[in-house]
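Me: I would like a close look at a single part of this structure. Please keep to what can be read from the coordinates.

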Amino acid sequence: MVRFDEGNHVLHELKFQRSTEELLYQLEHDDAIGRIEAARELRPQAGDQTVRLALQRRAQNDSFWAERREAINALASLKSPALRDFYKERFSDKKSGVRVAAARALGELKDSSLAPFFTKQFFADNSYLVQAELLKSLGRCGAVSSIPFLRDASLLSSPRKVLQSSAKAAMDELTKIRP
């Protein structure tokens, strides 16, 4: 790694090809900004077992919440049902941004059997941003039985009407499945 702007004070962008091994090293040893960058660049290789395991470690153990979120986002590109329980465990994270990423990743699995989990988490979480993503995930998972719950959620108040618009978007998604 070459760091010519310690602390990232100068506006710049420098792109060059790095091997998977170099990116994995950066993911484990760089500062927070560098780890986030490495996770983003590793997204296309997330299917490789070594990369997947490294991203999972970062999603679980990184000291910076944004890196945990970015590692989940990279893993979500796999749309792998094998990561279902891993994403569920991320709901214990203290930072709502990490939980939002986990909700989005689960929704991308498009698994209607997750609907009860989404509903349960909706009531358990105190972040309206996480709740909004859970509503959208209900729509993506195709559980048409969730429409009454989504109707009720569309009546809830939240800043900038985030819950209302998310519930409506989820219902729109479900009506594509069942007109």
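How many of the 12 residues of α4 are buried? Please go on from there to what surrounds the helix.

Reply: The model is a predicted one. In it, 10 of the 12 residues of α4 are buried, so the helix is mostly covered.

Some context comes before the details. The protein chain has 10 helices and zero strands. Of its 179 residues, 47% count as buried. Its C-alpha atoms fill a box of roughly 55 × 35 × 25 Å along the principal axes. Among the contacts with a separation of 6 or more, 60% are between residues 24 or more positions apart.

Helix α4 runs over residues 65-76. From its first C-alpha to its last it reaches 16 Å, close to the 16 Å expected at 1.5 Å a residue. Its buried residues are Ala66, Glu67, Arg68, Glu70, Ala71, Ile72, Asn73, Ala74, Leu75 and Ala76. These residues pack against five helices: α1 (20-29), α2 (32-42), α3 (49-61), α5 (84-89) and α6.

Of these partners, α6 can be described in detail. The axes of α4 and α6 are 8 Å apart, and the two helices pack at an angle of about 5 degrees. That angle makes α4 roughly parallel to α6, because angles under 35 degrees count as roughly parallel. On the α4 side the contact uses Trp65, Arg68, Arg69, Ile72, Asn73 and Ala76. On the α6 side Gly97, Val98, Ala101, Ala102, Arg104 and Ala105 meet them. By class, this contact has seven nonpolar, two polar and three charged residues.

Helix α6 covers residues 96-107. It has 12 residues and spans 16 Å from first C-alpha to last, close to the 16 Å expected at 1.5 Å a residue. It is mostly covered, with 10 of its 12 residues buried. The buried residues of α6 are Gly97, Val98, Arg99, Val100, Ala101, Ala102, Ala103, Ala105, Leu106 and Gly107. What covers them includes α4, α5, α7 (115-124) and α8.

The packing of α6 with α8 (residues 128-141) has an angle of about 5 degrees, with axes 8 Å apart. That makes α6 roughly parallel to α8. From α6, the contact takes in Ser96, Arg99, Val100, Ala103, Arg104 and Gly107. From α8 come Leu129, Val130, Glu133, Leu134, Ser137, Arg140 and Cys141. The residues of this contact divide into six nonpolar, three polar and four charged. Arg104 of α6 is named in the contact with α4 and also in the contact with α8.

Next come the loops. Arg90 sits in the loop between α5 and α6. With a relative accessible area of 9%, Arg90 is buried, because the cut-off for buried is under 20%. Leaving out residues up to four places away in sequence, Arg90 touches Ala59, Gln60, Ile72, Val98, Arg99 and Ala102. Ile72 in that list is one of the buried residues of α4, while Val98, Arg99 and Ala102 are among the buried residues of α6.

The loop between α4 and α5 holds Lys79. Lys79 is not a glycine, yet has a positive phi of about 50 degrees. Its relative accessible area is 47%, so Lys79 is partly exposed.

In the loop between α2 and α3 lies Pro44. Pro44 has 72% relative accessibility and therefore counts as exposed. Its C-alpha is separated by 9.5 Å from that of Leu75, a residue 31 places away along the chain. Leu75 is one of the buried residues of α4.

Arg160 is exposed, with a relative accessible area of 70%. Gln164 lies in α10 (residues 162-177) and counts as buried at 12% relative accessibility. The side chains of Gln164 and Ser158 are joined by a polar contact of 3.1 Å. Not counting residues up to four places away in sequence, Gln164 touches Ser154, Leu156, Ser157 and Ser158.

How values were computed
Residues numbered from 1 in each chain as written. Predicted model: local features only at pLDDT ≥ 70, side-chain atom pairs only at ≥ 80, totals over all residues. Heavy atoms only, no water. Axes fitted to C-alpha atoms, helices over the stretch in contact; angles between N-to-C directions. Helix = DSSP H or I, 4+ residues; strand = E, 2+ residues; numbered from the N terminus. Parallel < 35°, antiparallel > 145°, perpendicular 65-115°, else oblique. Contact = heavy atoms within 4.5 Å. Nonpolar A, V, L, I, M, F, W, Y, C, P; charged D, E, K, R; others polar. Expected span 1.5 Å × (residues − 1). Buried < 20%, exposed > 50% of the residue type's maximum accessible area, 1.4 Å probe, protein only. Polar contact = N/O pair within 3.5 Å; in protein donor to acceptor, adjacent residues only side chain to side chain.
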